[in-house]
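Reader: I am new to this structure and would like to learn about its pockets. Could you walk me through them?

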Amino acid sequence: MSSSNQSIPVLVAGALGRMGSEVIKAINSSNDYQLVGAIDTEKEKEGQDIGLLLGLGPLEVYLSSDFEGTICAASQNFTQNGTNNGAVLVDFTHPNVAYKHTRTSIAYGVNPVIGTTGITSDQLEDLSKFAEKASLGSAIIPNFSVGMVLLQQAAAAAARFYEFAELTEMHHNKKADAPSGTCIKTAEIIEEQRAAFNKSLVHEEESIEGSRGGSRPSGLKLHSVRLPGLVAQQQVMFGSNGETYELTHNTIDRSAYMPGVLLVVKKIRSLNQLVYGLEKIL
């Protein structure tokens, strides 16, 4: 592996996935970044040029299923001499491995940028302490869309005035976790403005369990939809006497996330702790 002084060395985990492949295309189209590693679990394609696999032409970066080995090699080839010299991992894999990948990346001194959702609050706290101890910039970003950050800010402002609110998120039917990390993050942002929502006015009975969605301790209701044809959509609906106030963000194509991904990759090496949410980077 080698990287010019001007370009940021980047590894992508989940390289053959929908988001991972988009990240590689975005990296390939910019002179500010250099792809130095591609990781995926499809062992039958191991050793093949990731550029050829994605139809980009040869990139001389070869697919590996060995996550730790690839991270270790990047750590040795791109040593952080102070800051802004090490490699960056972009991870879009699976909730089952997101925590382990993040911790491994920090341990080897490779700045993790994690787009995989499903990391628990306890795991997030542990990773935050681990990154701070290592003085390594790290990021867990439930959603890389600037538009989603704007929706969350608007929802936080509205929460000061509305006592009743429900959130609905809709994704493709290959998404493993529900509710989405973005939806949970939005709920957390709203709860920073008000501790309790949706005071019960009637005794509710569900004829089908789960019909009213999942309830957070604050009383916020979260609903998840999974259907083919969807990419990602989130709605926050507030209600009061005589009116409703609705905020909706709709992702039509995954390319919408790429400016946010590249921005975080560019800034992460100048940090010395873990950040949670794109709003902390913007």
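Reader: About how much space lies in the second largest pocket?

Author: Happy to start there! Please keep in mind that this is a predicted model. Rolling a probe the size of a water molecule over the atoms shows where empty space is left. For the second largest pocket, that space comes to about 480 Å³.

Reader: Which residues that line the second largest pocket are the closest to its centre?

Author: The lining of this pocket is made of 22 residues. They divide into 8 nonpolar, 8 polar and 6 charged. The closest to the centre are Phe-164, Glu-166, Asn-198, Lys-199 and Arg-212.

Reader: Which element gives the most to the lining of the second largest pocket?

Author: Two elements give two or more residues each: strand 7 (164-171) and strand 10 (232-240). With 4 residues, the one that gives the most is strand 10.

Reader: Now for the largest pocket: which residues of its lining are the closest to its centre?

Author: Good next step! About 920 Å³ of space lies in the largest pocket, and 38 residues line it. Closest to its centre are Met-19, Phe-92, Thr-93, His-94 and Thr-116.

Reader: Which helix gives the most to the lining of the largest pocket?

Author: Helix 1 (18-28), helix 4 (95-107) and helix 7 (181-191) each supply at least two residues. The top contribution is 4 residues, and it comes from helix 4.

Reader: How many residues in the lining of the largest pocket are charged?

Author: Let's go through the classes. The lining has 14 nonpolar residues and 17 polar ones. The charged residues number 7.

Conventions. Residues are numbered from 1 along each chain as its sequence is written. This is a predicted model: local features need pLDDT of at least 70, side-chain atom pairs count only at pLDDT 80 or more; totals for chains, interfaces and linings use all residues. Side-chain values use heavy atoms; hydrogens and water are left out. On a 1 Å grid over the protein atoms alone, a cavity is a set of points where a 1.4 Å probe fits but cannot get out, and a pocket is an open set with protein on both sides within 12 Å along at least five of seven lines; lining residues have an atom within 4 Å of a point. Grid points are joined across faces, edges and corners, and a volume is the space filled by probe spheres set on the points. Ala, Val, Leu, Ile, Met, Phe, Trp, Tyr, Cys and Pro count as nonpolar, Asp, Glu, Lys and Arg as charged, and the others, Gly among them, as polar.
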